[in-house]
Each structure stands twice: as structure tokens, then as C-alpha cells.
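Please keep the structure open as you go.

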Amino acid sequence: MYMPAAFNENRPEVLHALIRAYSLGCLVSHSDQGLTADHIPMLMLPADATHPQGRLIAHVARANPVWQQQGEVMVVFQGPHAYITPAWYEEKQQSGAVVPTYNYAVVHVHGKLQTVDDKTDFLQILEQLTDHFEAQRSHPWRVSDAPADYIQTLMDMIVGIEIPVQRITGKWKTSQNKSVQNRSNIAAGLREQNDSAAQALAHITEQQLFGA
């Protein structure tokens, strides 16, 4: 990924937070037909003694050949993104010498995909994923709410996977190459948009601007 120094984001807690908030990963791998991309909801687990950069967990259909992948894969997590109009730049009124751009936040995770064969570990993955995605509900559904034999039958039809992180890269393009006034204007302009992605990008822009 092309990475101007101003746009580099390498704080693990920030990268992990984006993955938790935008959990649908685009898993890029190699197959006999060339590059393939699978869109899979994933959860980033924090670093531990065995996985110093954390690891991604997920599950896929057994019929999906991606779980048999050997070698390195890349998972792309796309955060908020929005068009940036030149109308928000000071130069628009001063000289008119401005053009549009497009801002975004994205994380790339690299590692080797592994399958989780142990039934207990696999069930734990399903429980962790479910607990994560149900966390905002007033009455969260749990895997244990379903009959155990039903869950076991379904588990035969899917495969647990994990990707220990070997390399993680974040790119926060929030007009860091512009003046503080322009960046403030951009954040304010995004705040005025009736769009959740623009609102989220405004928050990230303000974090970058004020060093949060």
C-alpha cells in the first residue's frame, strides 16, 4: 500500500479499534484461478504471549476452499471514507487553486491462515464472535441459547480459522498534508453531512488534528 509518511498510523490500539468497529474483512488469497477475495466478518483478539501482534478469528463455510489456503494472506478492513470538496479549503476563496480529494481510514493485516481443528477451541471462536457482535443488544443472543446438538450439526458445516498477525499497516488519510484551518474546515464540513460514514470520518479527522 502506498504510504506517504503523513498518513501512516501504526498504533496497535488504534488499528485494532478500527477492525472491531468495521469487522467485515476482505480476505485476499491465492487460488488456482489467481487472486481471490472473500468477505468475512472477523474479530481481532488482543496480543498475548503466543501472538505478540494479536490474531484474527472467524469461520467460513466448509464448502469454501479458502480455509485450505496455504501461505500468506492479506485482510483489508475499510473504515469510514468520504469525498472532500474543494469548497472547504481556504484557498477556494483566495485563489481558487484547489481540487477535490477523497479521505479514508484503512487497515491491512498480513499473516498465514490456520484452521482450528479442536472442537472446544472452535466453539470458543463461535462464542467470541457471537458475543462481540451481540454486545450492543439489550438482550444479547448467546450460542448456548441454541440446542447443543443443533450447534454441533452446524459446526460440521463450517470451519474455524485464525490468522496470527505477522504485519499490520494502517493508513489514515485525513488531509494531514493540509493546514490546520483546512483540516478543521474539513471536519466541520463532514459533520454537516447527513451520512454516518462522513460523521465517523469527521471524528477520526478531529482525533488526528488534536492528537487524540
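Glu 206 is partly exposed, with a relative accessible area of 23%; here buried means under 20% relative accessible area, exposed over 50%, and partly exposed in between, using a 1.4 Å probe and protein chains only. This is a predicted model, in which local features need pLDDT of at least 70 and side-chain atom pairs count only at pLDDT 80 or more, while totals for chains, interfaces and linings use all residues. Residues are numbered from 1 along each chain as its sequence is written, and side-chain values use heavy atoms, with hydrogens and water left out.

The side chain of Glu 206 meets that of Arg 191 in a salt bridge, 2.7 Å from N to O. Arg 191 sits in helix H5 (residues 180–191) and Glu 206 in helix H6 (residues 196–210), so the pair ties together parts that are 15 residues apart in sequence. Helices (H or I, at least four residues) and strands (E, at least two) are DSSP runs, numbered from the N terminus. Arg 191 is partly exposed too, at a relative accessible area of 34%.

A salt bridge here means a side-chain nitrogen of Lys or Arg within 4 Å of a carboxyl oxygen of Asp or Glu. By this rule the count comes to six salt bridges, including these:

| Pair | Closest N and O atoms |
|---|---|
| Glu 162 and Arg 55 | 2.6 Å |
| Arg 11 and Glu 9 | 2.9 Å |

In the pair of Arg 11 and Glu 9, Arg 11 is partly exposed at 30%, whereas Glu 9 is buried at 5% relative accessibility.

Now for Glu 162 and Arg 55, which form a salt bridge. Glu 162 belongs to strand E9 (residues 158–164) and Arg 55 to strand E5 (residues 55–61), so the pair ties together parts that are 107 residues apart in sequence. Glu 162 counts as buried at 13% relative accessibility, and Arg 55 is buried at 18%.

What is the order of the open sheet of four strands? The order is E4-E5-E9-E8, with antiparallel pairing; two strands pair if DSSP finds at least two bridges between them. Strands E4 (43–45) and E8 (114–116) stand at the edges with a single partner strand each, so one side of each is left without a neighbour in the sheet. E5 and E9 pair in the antiparallel sense over seven bridges, and Ala 61 stands opposite Ile 158 in E9.
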